[in-house]
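The following note concerns the model shown below.

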Amino acid sequence: MARDDVYAVLVSLTSDTLLLPNAAVAEVISAEGIEAPEAGSPPWLAGRAMYNNRRLCVVRFETMNGSAPGEDTKRTRLAVIQPLTGQLRTGQYAFVCQGYPHLVTLNRTALRKEELVSGDNEDMVLTRVSIANTNALIPNLEKLEQILAPFEAAATVQ
């Protein structure tokens, strides 16, 4: 790997793709057994899932970004995310994704900055990029964790 190369993962959502640092994805697990969200939860909170004896919040990023939630399929998985900030008590959360994330090696020539698309929530999306023929968004994980923290606090260690 050259000094300017970075490992990242493309995480397929129902209607979009996230680009995350490789170190952000701890594991990909089955989406079976997601507990329903509590009454009054925001639409982006898909519920909770057990992981390593902890109840993690499960986030539908599309909904957080202003899109309608997609339908879960046999390919639906949960990408367990390592947080960037110290705001989350359980230490991790999960994104609903479609299939397994794809590892990519990036450098300055592989990425092309794109404009946000109509409907993107500027608080939640740092930027959009093109990688070959794939358009992906880079989420604002710091802002997401700030929004998620009060809901995550309701999750209890089992």
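1. The predicted model contains an open sheet of five strands in the order 3-6-7-5-4, with mixed pairing. Strands are DSSP runs (E, at least two residues) and helices likewise (H or I, at least four), numbered from the N terminus; two strands pair if DSSP finds at least two bridges between them. Strand 3 (25-30) and strand 4 form the edges, each pairing on one side only. From one strand to the next, the twist averages 35 degrees.

2. As to the basis of the model, residues are numbered from 1 along each chain as its sequence is written, and side-chain values use heavy atoms, with hydrogens and water left out. Because this is a predicted model, local features need pLDDT of at least 70 and side-chain atom pairs count only at pLDDT 80 or more, while totals for chains, interfaces and linings use all residues.

3. Strand 4 and strand 5 are joined by six bridges in the antiparallel sense. Leu-45 has Val-59 of strand 5 as its bridge partner. Helix 2 packs on the sheet, touching strand 4, strand 5 and strand 7, and its direction makes about 115 degrees with that of strand 7. Contact here means heavy atoms within 4.5 Å; axes are lines fitted to C-alpha atoms, for helices over the stretch in contact, and angles run from 0 to 180 degrees between N-to-C directions.

4. Helix 2 (residues 141-152) spans only 15 Å between its end C-alpha atoms, whereas a straight helix of twelve residues would span 16 Å at 1.5 Å a residue. The expected span is 1.5 Å times one less than the number of residues.

5. Which residues of helix 2 are buried? They are Leu-141, Leu-144, Glu-145, Leu-148, Ala-149 and Glu-152, where buried means under 20% relative accessible area, exposed over 50%, and partly exposed in between (1.4 Å probe, protein chains only). Viewed down the axis of helix 2, these buried residues fall within an arc of 145 degrees, so they line one face of the helix; the arc is that of the directions from the helix axis to the C-beta atoms. They pack against strand 2 (17-21), strand 4, strand 5, helix 1 (61-64), strand 7 (93-98) and strand 11.

6. Asn-53, although not a glycine, has a positive phi of about 60 degrees. This residue lies in the loop between strand 4 (45-51) and strand 5 (54-59), and counts as exposed at 57% relative accessibility.

7. Ala-132 is likewise not a glycine and has a positive phi, of about 55 degrees. Its place is the loop between strand 10 (125-131) and strand 11 (134-139). At 69% relative accessibility, Ala-132 counts as exposed.
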